[in-house]
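This report looks at how parts of one chain pack together. Start with the structure, then read on.

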Amino acid sequence: MDDYHHTGLPGKDELLFLPLGGSGEIGMNMNLYGHDGQWLMVDFGISFGDATTPGIDVILPDPTFIEERSDELAGLVLTHAHEDHLGAVPYLWDELNCPIYATPFTASVLRRKLAESEFDCDVEIIEVPLSGRFTVGKFEIELVTLTHSIPEPNGMIIRTPAGNVMHTGDWKLDPDPQLGPTADEAALIRAGEEGVLAMVCDSTNALVPGQSGSEGDVRKNLVQLVGELDGRVAVACFASNVARLESIARAGLDNGRQVALIGRSLWRMQDSARENGYLQGLPPFLRDDEAAKLPPEKVLIICTGSQGEPRAALARIARGDHPLIKLGEGDTVVFSSREIPGNEISIGRVQNQLVELGVQLITADDREIHTSGHPNQDELVQMYQWIRPHIAVPVHGELRHMVAHANLAKQCQVPHGIVPKNGMMISLSKDGADVIDEVHHGRLALDGTRIVPLDSTSIRDRRKMAWNGVVIATIVIDSKGQLLANPEVAVEGLLEVDDEEWDDLVALVEKTMSRIPKSQLKEDGQVKETLRVSLRRKMNEICGKKPKVRIHLVRI
């Protein structure tokens with residue numbers, strides 16, 4: 001037989017699905033489809049660090065599985081331009097070295113990102129039109145236009161002799177998206193009538209009843225809100241939400257305000273948007289130096305930093321260290337965004353700083369000025385009614401979202417379903433979905449300029465030091481193990497400079513050295529371990545912490 005179990009490659013009669021990122025989590029999407037000796041990759045995104053990953057801003061999926069099979073990788077298709085779907089390309093494309101397929105806006109965003117990487121000229125980007133049909137190796141692809149919080153979101157109908165898959169990417173059903181067309185209902189119905197073996201589908205809002213809402217309503221509400229405000233108005237939003245960018249700009253213009261952009265990511269996104277025919281009819285945005293010269297009631301500022309990012313424009317304004325833009329009494333900051341779980345502390349910090357300046361805050365809790373880019377339960381039901389898949393495969397969600405999605409699909413009379421985990425090799429067939437293998441998967445971290453495993457020793461040590469501090473002791477001894485100088489002990493993150501315990505620690509090192517048997521004093525490893533245990537135990541007595549302890553031993 002020429003199936004995966006016998007050859008290590010997907011067989012001619014097989015259709016395999018392998019998530020390596022984005023299943024059991026929101027973000028870092030990376031999916032593989034296998035058929036007839038080849039693999040197709042769909043999306044290659046990143047996630048972001050948090051308090052558990054000190055010093056790490058960017059987290060990437062580990063592509064080792066497909067890197068080792070790069071000769072069988074037919075290509076990478078990007079569903080849209082969000083970071084969690086294409087952000088890994090500038091870091092890891094050279095591990096894959098395959099062509100990339102994307103619609104014009106997504107290709108434009110990617111090119112700007114690649115321009116800052118070391119191999120931007122090497123990447124083959126093949127632009128495909130909206131609703132385009134094309135072939136990637138053994139896979140026939142049809143793009144299906146959907147709606148989302150970024151231009152040109154695409155579902156994909158992946159056709160093979162072993163069956164068809166509907167891969168939704170991120171989507172919603174917005175009847176009035178304000179930018180770009182509505183979802184291609186006719187194409188979705190045709191796909192369902194043709195027959196879909198499996199639907200691999202967004203689960204983000206599977207716990208949320210009803211509809212997700214429309215950008216059209218958000219625009220009307222923003223226009224009304226801005227008309228009620230005096231003073232300077234600043235609106236924070238996701239830079240990639242070009243429809244929201246246009247809605248905010250219209251709200252300003254309709255109320256006699258000129259509109260400025262502050263934040264590099266906003267300028268990059270508007271450049272890609274205008275390059276592809278979006279934001280037509282809007283005058284050029286002002287820059288911060290131009291906005292600073294206008295009367296308060298004549299300016300509206302769109303800025304980055306809706307998630308409290310410390311280096312974003314809004315955080316700098318809130319701290320009072322932006323060189324040109326100042327906010328205070330009589331001014332208003334509008335958060336036209338949702339609070340991403342995990343960012344509550346950073347958002348709260350920025351909002352408190354703004355309130356301290358005398359700024360009025362308005363969020364989506366106060367007014368209907370944001371809508372999700374993902375489908376609520378009613379939209380999921382509608383999609384299942386159109387597609388009528390044989391197998392439901394929830395992805396793009398935490399486990400609770402995916403399980404809720406699977407239960408909803410069962411209520412929609414989908415015969416089979418599976419809740420995948422990253423690394424789970426799944427066979428899709430008329431008999432249902434079967435797990436046939438567990439393959440290597442994991443997370444990589446961008447640590448400064450290096451890419452290292454997220455579970456590497458250096459990051460584990462940094463996490464320990466962040467929580468428990470570090471102690472470093474330096475001792476100089478002779479060949480017999482006798483001290484030749486006073487020990488030096490450095491403690492980081494645990495003691496104040498004037499604490500009495502410093503002297504106790506030096507005395508402890510001297511005392512410990514005096515008690516080590518002469519036979520063990522000749523062994524550097526034994527001396528280091530004895531001192532390490534002694535210092536760690538003492539620090540636990542002093543402050544209830546078990547720090548990382550390093551012993552620098554110099555033998556002369």
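Predicted model: local features only at pLDDT ≥ 70, side-chain atom pairs only at ≥ 80, totals over all residues.

Helix 15 covers residues 457-468. Its 12 residues reach 16 Å from first C-alpha to last, close to the 16 Å expected at 1.5 Å a residue.

Which order do the 3 strands of the open sheet take? The order is 26-25-27, with mixed pairing. Strand 26 (488-492) and strand 27 (548-555) stand at the edges. Each has a single partner strand, so one side of each lacks a neighbour in the sheet. From one strand to the next, the twist averages 10 degrees.

Strand 25 (residues 470-477) and strand 27 run parallel, joined by 8 bridges. Val470 stands opposite Lys548 in strand 27.

## Helices on the sheet

Helix 15 packs on the sheet and touches strand 25 and strand 27. Its direction makes about 110 degrees with that of strand 27. Helix 18 (residues 524-543) also packs on the sheet. Helix 18 touches strand 25, strand 26 and strand 27, and its direction makes about 145 degrees with that of strand 27.

## Nonpolar cores

The largest nonpolar core has 72 residues. Phe65, Phe285 and Ile302 have the most contacts inside it. Helix 8 (residues 242-254) supplies the largest share of this core, 6 residues. Apart from this core lies another, of 27 residues, including Val42, Ala74, Phe139 and Ile426.

What does Ile302 touch, not counting residues up to four places away in sequence? Its contacts include Val235, Cys237, Leu245, Ile248, Leu266 and Phe285.

Note on methods:
Residues numbered from 1 in each chain as written. Heavy atoms only, no water. Core = buried A, V, L, I, M, F, W, Y, C linked by side-chain atoms within 4.5 Å. Buried < 20%, exposed > 50% of the residue type's maximum accessible area, 1.4 Å probe, protein only. Helix = DSSP H or I, 4+ residues; strand = E, 2+ residues; numbered from the N terminus. Contact = heavy atoms within 4.5 Å. Expected span 1.5 Å × (residues − 1). Pairing = 2+ DSSP bridges. Axes fitted to C-alpha atoms, helices over the stretch in contact; angles between N-to-C directions.
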